[in-house]
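These are my notebook entries on one structure. I set down what I looked up, entry by entry.

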Number of protein chains: 2
Amino acid sequence: MNLNPIQLFDTESSTFTYILTGPGSNQAVIIDPVDHHWERDLRHLERLGLQLVYVLETHAHADHVTSAGKLRELTGAQAAVPSGCGIAPAELQLNDGDVIRFGDGEEIKVLHTPGHTAGSMSYIWRGNAFTGDTLLIDGCGRTDFQSGSSDALYDSVSAKLFSLPQETRMWPGHDYKGQAVSTIGWEKRHNVRLANRSREDFCKLMSELNLPKPKLIDVAVPANQNLGLPHGA
Amino acid sequence: MNLNPIQLFDTESSTFTYILTGPGSNQAVIIDPVDHHWERDLRHLERLGLQLVYVLETHAHADHVTSAGKLRELTGAQAAVPSGCGIAPAELQLNDGDVIRFGDGEEIKVLHTPGHTAGSMSYIWRGNAFTGDTLLIDGCGRTDFQSGSSDALYDSVSAKLFSLPQETRMWPGHDYKGQAVSTIGWEKRHNVRLANRSREDFCKLMSELNLPKPKLIDVAVPANQNLGLPHGA
């Protein structure tokens, strides 16, 4: 049965953070928390009477810093991160096909979806796909840094994400237009970058985006590879 | 079993709009949609393959205009509104204790919670309370216009909302601090305006707020009493 996550938003970087919790247990998982919102996020857990057991990252972000390390310290949760993202201090280095268990039989499946970064993972839980920056609502993440690859993103989306049940709800890592959620089926049919487009077309389109370098990348990536904690901490 | 709603946000008025949908049916209900987001909201319904059957209003808002009339026209949904709010063109005039049924056995209970406005309603669905501007996260709506009453709000919250199961998730009509959800139990214990406060204290506090008149009130209330449609339409 599909259960929606609790969706939180950072207006500065337009980043979504998700809290997942199922029936029969107060255990919860958080995905992609943002540094300056650690207190807001802890308060949500407290208000809802939830115990945080895992902090998940979809990748090492270039546009904002995670609060994973801080939340881990304050709650005793474990950090679970994609194995290919260089996030060394995390307890769990996730690989494609891994399953994260929490609560009363809740299961999160780990799906390796490289392209935005080489290590990027998507997480599948109860009919929901948390796609990070691999697949966005009517868009996708850029592929021009952090070992990004348009070829790899095309494969991740067309072969892996678009093969999920069509009604799967798709919760992106960012949105810049006030949108919250989509479905795999809608994106497969309508996504302006990826629906009904050949690999060649897609790679050409991505190579011509000419996006500016993210302002925070030189700070954010090393910080995120240390779970947002000061180096040496 | 608790099912979270889909929560959408209007950054201009900090208003939350909610989409409710249950298993076994594609029927959906929307609560408090905002005028300029009608297209965004329709697209969410389309992406998720949902059929809108009811547009609910918690009250006649003073700070933004509803898209209820527009959504009704475009989807064939019925408008369901509090009977005491002067929203004449709605199909359903709701009273305390009414039940709105949709989907495969989904039930929304109507709870009259006056105080912010005389007609204000809260809606209870699957362990969630949609409290409009009656109860906010760590706050409450103002009571100084539209037949508002601090006495009535005190009763609505302390006698009605705080009597719901303590784990009930509380989804407010607005939030100004990036918060998304709370619980009845947390608000009963910690809400800065209402937890452990006497009626006299609460009414004194509310009478001393000296808030400015909402900029849009003279336009928004008459517009909302016509479901956001031009008068004469």
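**Entry 1: charged pairs in chain A**

I began with K160(A), which is partly exposed because its relative accessible area is 30% (buried means under 20% relative accessible area, exposed over 50%, partly exposed in between, with a 1.4 Å probe and protein chains only). The model is predicted: local features need pLDDT of at least 70, side-chain atom pairs count only at pLDDT 80 or more, and totals for chains, interfaces and linings use all residues. Residues are numbered from 1 along each chain as its sequence is written, chains are lettered from A and ligands numbered from 1 in the order in which they are written, and side-chain values use heavy atoms, with hydrogens and water left out.

K160(A) forms a salt bridge with D96(A) at 3.8 Å, N to O (a salt bridge is a side-chain nitrogen of Lys or Arg within 4 Å of a carboxyl oxygen of Asp or Glu). D96(A) sits in the loop between β6 (92–94) and β7 (99–102) of chain A and K160(A) in helix α3 (residues 150–160), so the pair ties together parts that are 64 residues apart in sequence. Helices (H or I, at least four residues) and strands (E, at least two) are DSSP runs, numbered from the N terminus. D96(A) is also partly exposed, at 44% relative accessibility.

I then looked up R199(A) and found a salt bridge to D155(A), with the closest N and O atoms 2.5 Å apart. This pair links helix α5 of chain A, which holds R199(A), to helix α3, which holds D155(A), 44 residues apart. D151(A) joins D155(A) and R199(A) in a network of salt bridges. R40(A) and D41(A) form another salt bridge, at 2.9 Å between the closest N and O atoms, and both residues are buried.

**Entry 2: H61(A)**

Is H61(A) buried or exposed? H61(A) counts as buried because its relative accessible area is 1%. H61(A) lies in the loop between β4 (51–56) and α2 (68–75) of chain A. Its side chain makes a polar contact of 3.1 Å with the side chain of D32(A) (a pair of N or O atoms within 3.5 Å; within protein, one must be able to donate a hydrogen and the other to accept it, and residues adjacent in sequence count only if both atoms are side-chain atoms). The C-alpha atoms of H61(A) and D32(A) are 9.0 Å apart, across 29 residues of sequence.

**Entry 3: chain B against chain A**

I next turned to the interface. Each chain is represented in the contact, with 27 residues from chain B and 27 residues from chain A (contact means heavy atoms within 4.5 Å). I counted 0 salt bridges between the two chains, whereas 11 residue pairs are in polar contact, both at pLDDT 80 or more. α1(B) gives the most to the side of chain B that touches chain A, with 4 residues.

**Entry 4: D175(B)**

Which side chain of opposite charge is nearest to D175(B)? It is R47(A), 6.8 Å away, and D175(B) is buried yet has no salt bridge (Lys and Arg count as positive and Asp and Glu as negative; His and the chain ends are not counted). The residue lies in the loop between β13 and β14 of chain B. The side chain of D175(B) makes a polar contact of 2.9 Å with that of Q179(B), and one of its polar atoms lies 3.2 Å from the backbone nitrogen of G178(B).
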